[in-house]
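Welcome, and please open your viewer with the chain drawn as a cartoon. We will go from stop to stop, each time with something to select and something to look for.

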Amino acid sequence: FNPGIVAIQQEPYEKFSLDNLLYSGIAHELTHLYQGDFGLLEVRPAPDWWIEGQADFFSGSTGEWLPPEPRLRYLTTLDNTIPSLDGENISRETRQADGCLYLNYNVGFSFVNWFVNTYGLDTHAEVMRLLSEDGVVLVDALEAVTGESFLDLENAWRTYIGFEPLTLADVDPASALEAAVN
């Protein structure tokens with residue numbers, strides 16, 4: 001992968017290899033079983049980018065056909081915008097500026113990688129423990145274990161990759177409104 005050139009513009013499965021299936025694919029799916037033990041697959045307290053990205057991270061997936069973090073850094077040179085992570089706006093079906101799909105896997109892998117390297121595996125384990133409790137969603141779990149707002153966490157990750165940080169008005173347009181006239 002040369003970050004200066006769009007190297008892959010076909011569906012990823014055209015380059016899928018048996019080695020990738022054996023070493024990453026099976027481990028990826030086993031990670032989903034682990035997530036199921038924590039209730040992440042039935043209730044969905046976490047968005048798809050977290051679920052798929054976590055499975056890629058813990059499966060040791062290197063992104064054989066398109067490495068996640070180099071791809072995201074390359075995307076910053078094409079279009080320095082990406083939807084907020086707070087919700088389900090990170091799509092697997094929408095072609096991005098580089099012509100490729102599966103942004104949710106790349107964003108998720110990158111965020112989990114950044115989070116574990118910044119806060120440690122014990123903190124990640126605490127997030128998972130909280131997600132297994134009724135009514136706790138990913139944003140609340142991340143804020144509880146780090147003591148940081150989700151916006152601050154997301155902006156730290158966005159800066160790490162090279163995307164522009166978000167403002168409060170980006171994620172909550174009502175916060176940009178002036179006070180109502182009396």
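Read from the N terminus, the elements run α-α-α-α-α-α-α-α. This is a predicted model, in which local features need pLDDT of at least 70 and side-chain atom pairs count only at pLDDT 80 or more, while totals for chains, interfaces and linings use all residues. Residues are numbered from 1 along each chain as its sequence is written, and side-chain values use heavy atoms, with hydrogens and water left out.

Now colour by accessibility. Of the 182 residues of the chain, 45% count as buried; buried means under 20% relative accessible area, exposed over 50%, and partly exposed in between (1.4 Å probe, protein chains only). Among contacts in the chain with a separation of 6 or more, 66% are between residues 24 or more positions apart.

**Stop one: the core**

Select Trp49, Trp50, Val107, Phe111, Leu131 and Trp157. Of the 33 residues in the largest nonpolar core, these six touch the most other members. A nonpolar core is a set of buried Ala, Val, Leu, Ile, Met, Phe, Trp, Tyr and Cys residues joined through side-chain atoms within 4.5 Å. Two or more residues of this core come from each of α2, α3 (68-78), α4, α5, α6 and α7. The largest share, eight residues, is given by α4. In soluble globular proteins, nonpolar side chains tend to be buried together.

Stay on Trp157 for a moment. Which residues does Trp157 touch, not counting those up to four places away in sequence? They are Leu72, Ile82, Leu85, Val107, Ser110, Phe111 and Trp114.

**Stop two: α3 and α7**

Show α3 and α7 together. Their axes come within 9 Å and cross at roughly 85°; axes are lines fitted to C-alpha atoms, for helices over the stretch in contact, and angles run from 0 to 180 degrees between N-to-C directions. That makes α3 roughly perpendicular to α7, where angles under 35 degrees count as roughly parallel, over 145 as roughly antiparallel, 65 to 115 as roughly perpendicular and the rest as oblique. On the α3 side, the contact is made by Glu69, Leu72, Arg73 and Thr76, and on the α7 side by Trp157, Tyr160 and Ile161.

**Stop three: α2 and α5**

Next, bring up α2 and α5. Their axes come within 14 Å and cross at roughly 140°, so the two helices are oblique to each other. Trp50, Gln54 and Phe58 of α2 meet Leu121, His124, Val127, Met128 and Leu131 of α5.

Keep α5 on screen and select Thr123, His124, Val127, Met128, Leu130 and Leu131, which are its buried residues. They lie on the same side of α5, because they cover an arc of only 165° around the axis; the arc is that of the directions from the helix axis to the C-beta atoms. On the other side of α5, Leu121 and Asp122 are exposed.

**Stop four: α6**

Select residues 138-146, helix α6; its buried residues are Leu138, Val139, Ala141, Leu142 and Thr146. These cover an arc of only 165° around the axis, which puts them on the same side of α6. They pack against α2 (48-59), α4 (103-119), α5 (121-131) and α7 (150-161). Just after α6, look for Gly147, which takes a positive phi of about 75°.

Select Asn155 in helix α7. Asn155 is buried, with a relative accessible area of 13%. Leaving aside its neighbours within four places in sequence, Asn155 is in contact with Pro165 and Leu166.

Move on to Phe163, in the loop between α7 and α8 (168-171). Is Phe163 buried or exposed? With a relative accessible area of 3%, Phe163 is buried. Beyond residues up to four places away in sequence, Phe163 touches Leu72, Leu75, Thr76, Asp79, Asn80, Thr81, Ile82 and Arg158. Phe163 and Thr81 are 82 residues apart in sequence, with 6.6 Å between their C-alpha atoms.

Finish at Glu93, in the loop between α3 and α4. Glu93 counts as exposed, at 60% relative accessibility. Its C-alpha atom is separated by 9.1 Å from that of Asn104, 11 residues apart along the chain.

Technical notes
Helix = DSSP H or I, 4+ residues; strand = E, 2+ residues; numbered from the N terminus. Contact = heavy atoms within 4.5 Å.
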